[in-house]
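Have the structure open while you read.

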Amino acid sequence: MGILEEWNSKIMLFDGGMGSLLQERGLLPGELPETWNIVHPDILTEIHREYLDAGCDIVLANTFGANRLKYNEQTQYGLEEIVSAGVRNARKAVEAAGHGWVALDIGPTGRLLKPMGDLDFESAVSIFREIVEIGVREGADLILIETMSDTYELKAAVLAARENSRLPVLATVIFDERGKLLTGATPKAVVALLEGLRVDGLGINCGLGPRQMRPMVEELIRYSSLPVIVNPNAGLPRSEGGKTVYDIGPEEFAEAVGELIELGVSAVGGCCGTTPEHIRLLDQLRRGKKPPVRREKDFTVVTSYASAVEIGKDPVIIGERINPTGKSRFKQALREHNLEYILKEGLTQQDNGAAVLDVNVGLPEIDETAMMREVVMELQSVTELPLQIDTSNAEAMEQALRVYNGKALINSVNGKQEVMDAVFPLVKHYGGVVVALTLDENGIPQTADGRIAIAGKIYREAEKYGISKKDIVIDALCMTISSEPKSALTTLETVRRVREELGGNTILGVSNISFGLPQRENINSAFFAMALQNGLTAAIINPNSQAMMQVYRSYRALAALDEHCKDYIGAYGQTVYPGNAVQAKEQMQAEKILSPDDAETGRKRLISSVEKGLKDQAAAAASVLLETEDALELIRTCMIPALDHVGQGFERGTIFLPQLLMSAEAAKAAFEEIRKKMEMSGETGEKRGTIILATVKGDIHDIGKNIVKVLLENYSFEVLDLGKDVSPELIADETEKRKIRLVGLSALMTTTVPSMEETIRLLRVRAPWVRVMVGGAVLTPEYARTIGADAYCRDAMASVKYAEQIFGSSAE
Amino acid sequence: MMVNLQEIYRYLGIMGNRPDDATKKLVGECLEELERAAKPRSFSRSFPMSVLPDGSLDFTCFSVKSEDLKKNLKGCEEVILFAATLGAGVDLLLRRYTRLEVSRAVVLQAAAAAMIEAYCDEKNQELRIEAKKRGLFLRPRFSPGYGDFSVSCQRELCRALSAEKTVGIMLTESFMMNPSKSVTAVIGAGREELSCAKSGCEACRKQDCLYRRNEIQ
C-alpha cells in the first residue's frame with residue numbers, strides 16, 4: 001500500500017521537532033544541524049526511532065536546511081553527502097521500527113526571491129531540484145516542503161519536486177498571527193496556488209501554537225479540496241536565560257490539536273518545541289478516528305503573491321487596457337521597450353477599480369515570449385492584482401505561467417482540439433483558471449445551444465487532465481449587433497444557461513458587442529448591465545470608462561453584493577478634483593485661465609506649472625500652447641528656462657529634492673505633449689546622447705538611480721536603464737555593443753561598492769573610451785577616485801552637469 | 001505611532017524648517033499611504049553578555065569584535081537583541097513609485113525611515129520599562145553598520161532572533177535587509193543608570209554625513 005492509499009484510511013501522524021532534541025544532545029548554537037547527519041548518524045536514527053515508537057507514520061529526514069547555499073564545494077560537507085546521509089538515517093530507523101515513511105524535508109533557502117530579494121526564480125527552482133534529485137535517488141517515500149513564507153519560493157520548490165520526481169508532494173506554510181504569509185498571502189490564496197500546482201496535501205506548520213493556528217486552519221479547510229496538514233509549534237516561544245522555551249506542555253498541545261482534528265484536519269504532527277511525548281499523545285488521540293471525507297470545494301480563485309480574487313457570485317472586473325490592439329501609443333511603447341508606460345496602464349486600471357489585469361503584449365515585430373515574461377515580472381513587482389495571461393502563443397503562455405507568482409487567469413482555450421492539446425497541459429502543470437471560448441473547428445455557433453455544447457465538450461476534455469470545472473470560465477462570446485441583430489440575445493442566453501444548466505462561471509469581452517457603432521459606450525454599458533443580470537461572473541472591460549464602472553458599482557449595490565453600499569458611496573460619495581490633464585485643460589479653458597490666443601499667459605502658466613511641479617497643469621498648458629506655438633520654440637522659451645531655474649535653485653539650496661523631482665515630473669508630462677505634437681508633424685526631437693544607468697550587482701535599491709534617470713531625460717539625454725542588481729558583464733556588454741560614452745553607476749552600501757569597482761575595472765578593459773560617473777549614499781569623492789571612477793556625483797543635478805560636460809551643453 | 005515630521009524633512013535634505021507647500025502636501029499623502037501599507041512587527045530576546053580575553057564581546061549566540069559597540073555596552077551584563085520591520089507592503093509602494101513617480105518614492109522613503117524609527121522608539125520604550133522592573137537600565141540601541149560594528153553581523157543577529165520567522169526579515173547576500181524598512185539592534189542592559197549624552201546620529205563618528213543631525217540649521 002502506498003502512502004496516499006494509507007492516508008485515505010486514517011489520520012496521518014507526522015513526527016515532532018528536531019532542533020531542540022539535537023540541542024539537548026549537544027548541538028551548539030550556530031552549528032548547522034544537518035552536519036550531524038554525518039557526524040552523529042546514530043543520534044539522528046535514534047531520534048527518528050523515538051518518534052516512530054511514539055506512533056508517528058512519517059519521519060522527516062534531517063534535510064530542512066540542506067541546500068547548495070549552505071552546503072557546497074567550499075564547505076566541509078557537500079550537499080550530496082548531507083542529503084543522502086539524512087535520508088539514510090531516517091530510512092534505517094523506519095526499517096528497525098518496522099513501519100513508517102521517510103519524507104525528504106525541504107525548507108526555504110533563506111533568501112528572498114526577486115523582485116523583493118536577490119534570488120532569481122529559476123535559480124531557486126534549480127536549488128530545490130538538486131535536493132529533490134538526491135532525495136529521490138536515496139529512496140525517500142515522499143517530499144514535504146515546509147515552513148514556506150513566500151508563495152514564489154513555494155512555487156519554485158513545488159515545481160522542482162513535481163518536475164524531478166513522481167513522489168507524493170506535500171507542502172505546508174508558515175503564517176503569522178494575522179494569518180498572512182511573510183509576503184502577504186492568505187490561506188485562501190495559498191490553497192488556490194497549491195491546488196493549481198497539484199500537490200497531494202497542504203497545510204500549515206511552525207510559527208504558532210495549535211490554538212493560534214485555529215483561524216487559519218478553518219480557512220484552509222473551507223477552501224481546500226486536498227487533505228489538510230497541521231504541524232504546530234509547542235505554543236509560543238519565549239526566552240529564558242538565552243534559551244528558547246515553549247509555553248504549552250504535551251497534554252495541552254494534544255488537546256488543542258484534537259480540536260483541530262475535529263474541524264476536519266487529515267494529518268497532524270509537531271514542529272518546534274514538540275517532542276516524542278507530544279507525538280505519543282497525538283497518536284492516542286487519532287487512533288480509531290476516521291479521516292475526514294474528501295470533498296471538492298467549489299471555489300474559483302485566482303491569486304497574486306498577496307491577494308486572492310474569487311470568481312463567482314460577486315462579478316469581477318478584468319482590466320483590458322494592457323493590449324496593443326488598436327492603440328498606436330501602446331504599440332510604440334512595446335517597440336521602444338517602454339515598460340513604464342505599460343506599468344502605468346496597469347496601475348491606472350487598478351486605481352479605477354480593476355480586480356484583475358489582462359496582459360496582452362503580442363505584436364508581430366517583437367519577441368512576444370520575452371516581452372510577456374518581462375511584463376509579467378514587472379507588473380507583479382508593482383501591483384498586488386492577479387494577472388490574466390492573454391496570448392495565443394503557447395510558448396509565451398508557458399513562460400508567463402512559469403514566472404507568475406500565483407494562480408493566474410489564462411486567456412484562453414477554446415473547443416478546437418489542437419488548442420486544448422496545447423493549453424490544458426500548461427494549466428495542469430502550472431495551475432490557473434482558464435477562459436474557454438465557445439467556438440471550435442466549425443467556428444462560432446449562432447445559437448446558445450451550440451455554444452453550450454462546446455462548453456460541455458471543453459469541460460469534459462479538461463476533466464481528462466484533472467482540471468475541474470471550477471478552473472474553467474466560459475466565454476459566451478460577444479459579437480457585434482451591428483452585423484448580427486440577435487447576437488446580444490444569444491450571448492445573454494448562453495451566459496444564463498451556463499450558470500443554470502452547467503453550474504459554471506462566465507466571462508465576456510463586453511465591448512465587442514458595439515463594434516462598428518457610434519458612441520459605443522452607450523451600448524456597452526447597457527449590455528453590461530443586462531449581462532450582469534443574466535449571471536455574468538467576470539467582465540473584461542475598460543475600467544477607466546466612467547459609464548462602465550457606474551453600471552458595475554450600481555449593479556453590485558442593487559444586487560446586495562455591496563454591503564451598506566460602501567463601495568458605491570466610496571466611489572461617488574464626493575466629487576473629486578479633475579485628476580488628469582484632459583480635465584485640467586478643459587477646466588482651465590472654461591475658467592479662461594488658458595486660451596490659445598494668449599500665448600504670453602500660456603507660457604507663464606507652463607513655466608510656473610513646471611516650477612511648482614503641477615503635472616496635469618503643465619501638460620494642459622503645453623497642449624493649449626501647442627495649438628498655436630512651435631514645439632521647439634516652446635522647449636527653448638519655456639521648458640529649458642523652467643528646468644534651469646529649478647536646477648539652479650536646487651544647487652543653491654533654496655529648492656529641495658522633492659520639489660526638484662515634482663518639477664521634473666511636471667516637465668516630463670509637458671514633454672510628452674510636445675512629443676505627441678512633433679510626431680504628428682513628422683519632426684523628431686534631438687537626443688543629446690545615450691547614457692547607461694545601473695545599480696550594481698548585489699544592490700537592490702534603485703531609487704537614486706531612478707532620480708538621475710528622470711532628470712537626465714528631461715535634459716534630452718537618452719537613458720538606457722539596465723535596472724538594479726546588474727552584473728558587471730551585462731553593463732560592459734551593453735556599453736561595448738552600443739559604443740556608449742557615459743555610464744552612471746549607483747551603490748548604496750559599503751558591501752556593494754566592491755562590485756562597483758569590479759564593474760569599472762571591466763569597463764576599462766572592454767570599453768576604454770567610456771566615462772564612468774558614480775553616486776550613492778556611501779560614496780565620497782575620494783572613495784570614487786580609489787575605485788577608478790571618472791566622476792563622483794553627489795546628487796542628480798551633478799550627474800546632469802557631468803553629462804553636459806561630456807556631451808556638450810544644451811545651449812550649443 | 002507618532003512620526004516626527006522634522007525627521008522626514010531632514011532625510012529629504014530640507015535644511016531647517018522650510019518645506020514648501022507642495023512638499024508638505026506630498027509628505028502628508030505619503031504618510032497616509034504608509035499607514036495603510038505598513039504592518040509593523042518587532043521581536044526581541046535577551047542574552048547574557050561577557051567580554052572574552054581577546055577583547056571581543058560574547059552574547060552566547062554569537063560573538064563580535066567592535067570597539068564602538070563595546071563602549072556602548074560598557075558595564076552591561078546582558079543584551080537585548082532587537083528586530084523590527086514595517087513589512088513587505090511598504091516595499092511594494094516603494095518599488096511602484098520608484099518606477100512611476102520618483103518624487104513620491106523619495107518622500108515615501110523618507111517618511112518610512114522616520115516611521116520605522118518612531119516604531120523602534122516606541123518598542124524600545126516598552127523594553128525600557130520592562131527592564132527597569134528587573135532593575136536594569138538600557139543603553140541606546142546600536143545597529144550593525146554603526147561605527148566599527150560590522151554590517152556583516154546582521155547574519156548572526158538575525159539568526160539569533162530567527163528574524164525570518166519572528167518578524168519576517170531576510171538578508172540578501174550583501175546584508176541588505178528585506179523588507180527594506182527594517183531595523184536590527186543590540187541594546188545593552190546594565191545595573192547602572194547612565195545619562196547618555198550622545199545616542200543615534202550624534203554618537204556616530206562619521207562627521208561629514210549629509211544627513212547628520214544638529215549640524216543642520
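Buried area is the accessible area, taken with a 1.4 Å probe, that two parts lose on being put together, summed over both. In this predicted model, that comes to about 4,600 Å² between chain B and chain A, with carbon and sulfur atoms giving 61% of it. Count residues instead, and you get 47 from chain B in contact with 58 from chain A.

What about charged and polar pairings? The rule picks out seven salt bridges across the interface of chain B and chain A. One to look up is A:E384 with B:R96, whose side chains meet at 3.0 Å, N to O. There are also 14 residue pairs in polar contact across the interface of chain B and chain A, both partners at pLDDT 80 or more.

Now for chain B's side of things. The elements of chain B that give two or more residues to the side touching chain A are α2 (21-37), β1 (41-48), α4 (88-100), α5 (102-133), α7 (163-166) and β7 (170-171). Which of them gives the most? That's α4(B), with seven residues. Sorted by class, the side of chain B that touches chain A looks like this:

| Class | Residues on the side of chain B that touches chain A |
|---|---|
| Nonpolar | 22 residues |
| Polar | twelve residues |

Over on chain A, the domain assignment gives domain 1 (3-286), domain 2 (300-562), domain 3 (581-680) and domain 4 (690-807). The C-alpha centres of domain 2 and domain 4 of chain A sit 42 Å apart.

Note on methods: Residues numbered from 1 in each chain as written. Chains lettered and ligands numbered in written order. Predicted model: local features only at pLDDT ≥ 70, side-chain atom pairs only at ≥ 80, totals over all residues. Heavy atoms only, no water. Contact = heavy atoms within 4.5 Å. Salt bridge = Lys/Arg side-chain N within 4 Å of Asp/Glu carboxyl O. Polar contact = N/O pair within 3.5 Å; in protein donor to acceptor, adjacent residues only side chain to side chain. Helix = DSSP H or I, 4+ residues; strand = E, 2+ residues; numbered from the N terminus. Nonpolar A, V, L, I, M, F, W, Y, C, P; charged D, E, K, R; others polar. Domains from an automatic or database assignment.
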